[in-house]
Amino acid sequence: MQAIADNIRELGYYPFHLPLGLKLNERSSTKSPCIRCDTFDGYPCLVGAKADAEVNAIRPTREAYSNFTLLTNAKVLRLHTSESGREITGVETDIAGERHWFTSDIVVVACGSINSAVLLLRSANDKHLNGLANSSDQVGRNFMKHVETAIVSLHLDINHANFQKTIAVNDFYWGEPDFPYPMGMVQNTGNVLADMMPAEAPPLMAPLVKLLPHQERHLLAERSVGWWLQTEDLPDPNNRIRVVDDKIHVDYTANNNEAAYRLVHRWTSVLKSISRAAQHVLPFSLYPRSHLPEQAVAHQCGTCRFGTDSKTSVLDLNCRTHDVENLYVVDGSFFPSNAGVNPTLTIMANTLRVGDYLAQKLK
Ligand code: SF4
């Protein structure tokens, strides 16, 4: 991977170490549990080394505070309000098939942007006919998830790197001479593995890849380097989450496609230049690509955007709903537009900010 990064740099770009949510613990005396395995990205971590909400927040909180209770297999069905509709007075929850009700001075919804919108829409009542906290008609709208493309560069030489997801390139964020708009970010995917190939191959190649025996797929996988290209999709009120007859509908039409296509073509030409420099070009090098479908919602954001105007936004700048005084939504829902990078670090930063605000408010 270092050789690839060096080659990219020689072309005049600025590859950098991709920030990753793993427990590397560079500044800690504790040994990192991360073994830099080849199933990073897209697989659960079996040694608890991903720096996710469970590892970084829930487990330590459970250990540190005796007044913290974690309920699993519990699904919040609806939020109920007072007669005025201004406060949440009950959280109706299904726990192992039984209804339970919870009350609290403050209720924080953090289900991810799709399911947070779903919970608000399902909680419509006499005072909130169009969905809870939805006087703006913005709950569920402006759903975004990045326009995403996976590209595999396939060579004759074996790629021995066990932990590939390390390089990022942001040079194309500044567009190109005849296109002065952000085109997006390039980063590695995790390792391409034989078992993943049938599901992730481009549609035209998928039937062929499925027919290959595992060993042949493995031969291809170990000669591959995966790349992930993402472009901001723009907020569109028609890209939205709806609940119809208690079923979740996701209406999504990708936009900003020209920027995404340009990024794909530009990066493919970079890969070809690298390949030529490394004399990989003969007898072949291939760059199959696959546009991620609607189901790929790992970068979900939007649906309850924040703002100062209650007519055009769902949340105020502290992520409290404009319409309900003790209700907050703290996840990717608040984004008014997408980010040029993966949204998680911004979600975490905003969560810490709102957490500080609530701690101060509650003294
Ligand atoms: S899956 Fe592997 S690389 Fe990822 S955090 Fe866990 S041990 Fe580290």
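The model I am reading is a predicted one.

**Entry 1, two positive phi values.** I looked up Asn73 and found that its phi is near 50°, a positive value in a residue other than glycine. Asn73 belongs to the loop between α2 (53–64) and β2 (74–81), and because 8 other C-beta atoms lie within 10 Å of its own, I noted Asn73 as exposed. I then turned to Ala133, which is also not glycine and has a positive phi, near 60°. Ala133 sits in the loop between α3 and β6, and it counts as buried because it has 27 C-beta neighbours inside 10 Å.

I asked myself which residues have the most contacts inside the largest nonpolar core. They are Ala117, Cys319 and Val329, in a core of 30 residues. The elements that give this core two or more residues are β5 (107–109), α3 (113–122), β6 (141–144) and β15 (327–329), and α3 supplies the largest share, with six residues. For Ala117 I set aside the neighbours within four places in sequence, and I was left with contacts to Val139, Gly140, Ile241, Thr303, Cys304 and Ser333. I also recorded a second, separate core of 28 residues, with Phe172, Ala221, Val225 and Leu263 among them.

I noted that the chain is divided into domain 1 (2–26 + 146–238 + 253–291) and domain 2 (71–141 + 303–362), with C-alpha centres that lie 36 Å apart. Nine residues from domain 1 and seven residues from domain 2 take part in the contact. On the side of domain 1 that touches domain 2, I listed five nonpolar, two polar and two charged residues.

Last, I looked up what surrounds the ligand, and found Leu22, Cys34, Ile35, Arg36, Cys37, Thr39, Phe40, Cys45, Val47, Ala49 and Lys50. By class, this shell holds eight nonpolar residues, one polar and two charged.

Terms used:
Residues are numbered from 1 along each chain as its sequence is written. This is a predicted model: local features need pLDDT of at least 70, side-chain atom pairs count only at pLDDT 80 or more; totals for chains, interfaces and linings use all residues. A residue is near a molecule or strand if its C-beta atom, placed from the backbone, lies within 6 Å of it. Ala, Val, Leu, Ile, Met, Phe, Trp, Tyr, Cys and Pro count as nonpolar, Asp, Glu, Lys and Arg as charged, and the others, Gly among them, as polar. Domain bounds come from an automatic or database domain assignment. Two residues are in contact if their C-beta atoms, placed from the backbone, lie within 7 Å. A nonpolar core is a set of buried Ala, Val, Leu, Ile, Met, Phe, Trp, Tyr and Cys residues joined through C-beta atoms within 7 Å. A residue is buried if 20 or more other C-beta atoms lie within 10 Å of its own, exposed if 12 or fewer, and partly exposed in between; C-beta atoms are placed from the backbone. Helices (H or I, at least four residues) and strands (E, at least two) are DSSP runs, numbered from the N terminus.
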